[in-house]
Amino acid sequence: MDTFGSSASLPPSERRYPAAFCGFNRAKSSDIEPKECKKEIRSDSGSGLKSRVDDLLDNGGTYVLVIFEELSGVSPRNDKDMFERRMEALEEEFAAQGYPDANIRIYDSSKIVGFVNRFPALVAKYKGIEHVIDHSTWHREATKDIEEFFPDTKRDKQIEKIQNVLRDSNDHCTVIRVTGPPDIGKTRLVYEALSEDDLQERVIYSTAREFECSGVASRLRTNPDWSAILVIDDCDSKDHEHFQQRFSGESDRLALITISADPTSTGADHRISVEQLEKNKVREMIESLDFEVKENA
C-alpha cells in the first residue's frame, strides 16, 4: 500500500457524510483480500490502529481505500460480492478498535472512472479536447501579467458572492454575468473566486468563440453525469443570451459565468460590475512591480 494521505476533498456527489477530511490508502496491486484490508489500518505492532488513522477518525474524517480493480458484482461468495466483503472487513476492524460508526469508503476502478467522467474539465485535459481548458491550465493565462492578486474591499465581497452563489444548492443552472471596462481585472476576479478546491475542480474556461467550436456544449447537455462551472470569456451580450438560453434549463450540476466589457443589460441570476481598484491597492500593485512611485509635489 502507498503512504496514507489525508485532508483531501471528496467528490461532490460523494459528500454524504459530515466529515471535513478523508484519508486515502491506495493499493499498489490490483486487489487485496479482506484480511489485508484489516492489516492495512493496524499499527506495525498489530495492536491498535495506525496513529494517522486514529487521528483521522477522531477528527470526524472518512477513511477511503482505493483498489484498482472492479469489485461490485464480481465473484459472489456467501451472497456477498468482493466490495461487500472488503467493506464488512473494515467495519469489523474499526468496530473492534473502538470506532463502530467510522466513516468508510471503498473506491474501485469503476468508481474512479465515474468520478473523472463527472468533471468534463479533466476529461477535456486528458483526452485533448481542444478550445477549453481546466482551472490549472487557466492559471498561466490569468496570472501572466501580475502573479500576486490585489483585491480591495469591493472585490473581496464580489469574490465571496460568486463562491456563495455557486455553493448554494438550487434546482437550476445558476447564471452569473461579470462586466466592466477593458483590462479592469474581470477575468482575474473570476479566476480567484474559483480557486477554492471544491470549485476549481469543476471549472471549464474558454472564450465565447472557442467554446462554440469545442463540442463540449452538446456533451454537457446530453451527459447528465457531467458537472461543470462554465466560464465563458469575451462573451458579448448576444453570446451571453445564447448561452443562457442554452443552459439555464439545466440542473445545478451546471453553472454559467460569462465575462465581458459589453455593458449592455442582459438576463442573469446575478450581475457583478468590476470597477477600478481602490487607490491604495493600485499603489501596492505598482510597488510590487518595482516601479518607482513618486509623491505628488
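Trainee: Are Tyr63 and Phe94 buried or exposed?

Mentor: In this predicted model, Tyr63 is buried, and Phe94 is buried as well; the word applies to a residue with under 20% relative accessible area. Across the protein, buried residues make up 44% of the 297 residues.

Trainee: Why is the pair of Tyr63 and Phe94 called edge-to-face?

Mentor: A pair of aromatic rings is described by the distance of the centres and the angle of the planes. The ring centres of Tyr63 and Phe94 are 5.5 Å apart, and centres within 6.5 Å make a pair; their planes stand at 70°, which is over the 60 degrees required, so the pair is edge-to-face.

Trainee: What makes this pair a tie between parts of the protein?

Mentor: Tyr63 belongs to strand S2 (residues 62-66) and Phe94 to helix H3 (residues 82-96), so the pair ties together parts that are 31 residues apart in sequence.

Trainee: How do you know that Phe211 and Phe243 are edge-to-face?

Mentor: Their ring centres lie 5.6 Å apart with the planes at 70°, so this pair too is edge-to-face. Because Phe211 lies in helix H10 (residues 208-214) and Phe243 in helix H12 (residues 237-247), the pair ties together parts that are 32 residues apart in sequence. Both Phe211 and Phe243 are buried.

Trainee: Which residues form one aromatic cluster?

Mentor: Trp138, Tyr191 and Tyr205 form one aromatic cluster, and a search of the whole structure finds five aromatic pairs.

Notes: Residues numbered from 1 in each chain as written. Predicted model: local features only at pLDDT ≥ 70, side-chain atom pairs only at ≥ 80, totals over all residues. Heavy atoms only, no water. Buried < 20%, exposed > 50% of the residue type's maximum accessible area, 1.4 Å probe, protein only. Phe/Tyr/Trp six-rings, centres within 6.5 Å; stacked < 30°, edge-to-face > 60°. Helix = DSSP H or I, 4+ residues; strand = E, 2+ residues; numbered from the N terminus.
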